[in-house]
Amino acid sequence: MTYKEQLDMNRIPQHIAIIMDGNGRWAKARGKRRGEGHIVGAQALHDTMMNASKLGVKYVTVYAFSTENWTRPDEEVNGLMALLFEKLDLSIFMDNDIRFCVIGDTDRLPEKVRERMHYCIAQSAGNQRGTLTVALSYSSKWELTQSAKRIAAMVQEGTMSVDDITDKTIDETLCTSFMPDPDLLIRTGGETRLSNYLLWQCAYTELYFCDTYWPEFDEEALCKAIYTYQQRERRFGKTSEQVAEENDNK
Ligand code: IPE
Ligand code: IPE
Ligand code: MG
């Protein structure tokens with residue numbers, strides 16, 4: 001039986017975060033340039049967004065470019081920016097009723113990418129079926145630093161007192177304030193680290209690492225990740241017995 005056939009459709013994660021890693025190694029293993037890995041990786045993102053949406057996943061948040069990735073060779077960075085510009089196609093979002101969002105330090109992106117990005121964000125804002133958020137020039141340390149600055153400014157202006165700061169205040173000042181925390185985080189490409197991605201938001205997220213390089217991540221690979229997630233017990237600090245009792249009362 002396939003993983004797809006084994007899925008419990010009543011327990012599909014609401015939010016999946018993905019670290020799309022392994023494009024370069026996928027290309028190298030085939031004697032191709034790294035850029036070709038990114039091109040096939042963009043297709044894998046398109047397909048994954050469609051597959052997740054078909055399964056009923058409401059939010060997909062993908063790591064496409066980290067603040068650290070700016071330190072890669074100019075040729076690769078420029079190639080990635082050109083690919084981003086080319087692939088940002090509003091019709092994909094409109095035809096599939098998907099809202100497009102971006103998180104990250106987007107001021108650093110080239111102007112023409114920013115313009116097209118803002119156009120897609122604005123035009124797709126009312127779409128309901130699902131939300132694709134792309135993390136671009138993103139890192140958690142950057143995000144948490146700007147959150148701290150915003151909170152400090154509110155305290156300084158007198159619109160908030162120090163005692164009123166809670167974890168909710170931090171949630172609300174992060175770029176992800178419009179989405180629930182991820183239920184499942186998938187990292188492809190074999191590395192088992194978070195690389196500065198959604199550190200605060202993944203406090204209770206189920207982590208799933210697979211060796212598959214991102215360009216080869218297909219529907220069955222996605223279903224395997226979701227199936228694995230469904231075998232786990234999310235306890236949120238409680239005991240197994242408490243969790244079972246809560247489920248019985250549902
Ligand atoms: C992930 O693939 C995509 C980006 C970081 C832009 P990599 O480019 O990191 O591929 P590997 O890890 O070198 O194989
Ligand atoms: C993480 O991948 C960022 C993205 C997938 C966009 P990297 O390939 O940059 O991560 P490290 O440097 O190997 O941890
Ligand atoms: Mg990598």
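Glu76 has a relative accessible area of 12% and is therefore buried, where buried means under 20% relative accessible area, exposed over 50%, and partly exposed in between, calculated with a 1.4 Å probe on protein chains only. Its side chain meets that of Arg72 in a salt bridge, at 2.8 Å from N to O, and Arg72, at 29% relative accessibility, counts as partly exposed. By salt bridge I mean a side-chain nitrogen of Lys or Arg within 4 Å of a carboxyl oxygen of Asp or Glu.

Before I go further, a word on conventions: this is a predicted model, in which local features need pLDDT of at least 70 and side-chain atom pairs count only at pLDDT 80 or more, while totals for chains, interfaces and linings use all residues. Residues are numbered from 1 along each chain as its sequence is written, chains are lettered from A and ligands numbered from 1 in the order in which they are written, and side-chain values use heavy atoms, with hydrogens and water left out.

Searching the whole structure gives 16 salt bridges. One of them joins Arg33 to Glu36, with the closest N and O atoms 4.0 Å apart; here Arg33 is exposed at 53% relative accessibility, and Glu36 is partly exposed at 28%. Another links the side chains of Glu86 and Lys87, again with 4.0 Å from N to O, Glu86 being exposed at 55% and Lys87 partly exposed at 38%. Through shared partners, salt bridges also connect Asp21, Arg25, Arg187, Glu191 and Arg193 into one network.

Now to the sheet. How many strands form it, and in what order? There are 6, arranged as an open sheet in the order E3-E4-E2-E1-E5-E6, with parallel pairing; helices (H or I, at least four residues) and strands (E, at least two) are DSSP runs numbered from the N terminus, and two strands pair if DSSP finds at least two bridges between them. Strand E3 (98-103) and strand E6 (206-209) stand at the edges with a single partner strand each, so one side of each lacks a neighbour in the sheet. From one strand to the next, the twist averages 20 degrees, with axes taken as lines fitted to C-alpha atoms, for helices over the stretch in contact, and angles running from 0 to 180 degrees between N-to-C directions.

Strand E1 (residues 15-19) pairs with strand E5 (residues 184-187) in the parallel sense over 4 bridges, and Ile18 stands opposite Ile186 in E5. E1 is also joined to strand E2 (residues 59-66) by 5 bridges, again parallel, with Thr61 as the bridge partner of Ala17. Is E1 enclosed or exposed? Of its 5 residues, 5 are buried, so E1 is largely enclosed by the rest of the structure; His15, Ala17 and Ile19 lie on one side, with Ile16 and Ile18 on the other.

Finally, consider helix H6, in which Val113, Met117 and Cys120 are buried. Viewed down the axis of H6, its buried residues fall within an arc of 65 degrees, so they line one face of the helix, the arc being that of the directions from the helix axis to the C-beta atoms. They pack against helix H4 (74-87), helix H5 (90-95), E3 and E4, contact meaning heavy atoms within 4.5 Å. On the other side of H6, Glu111, Lys112 and Ala122 are exposed.
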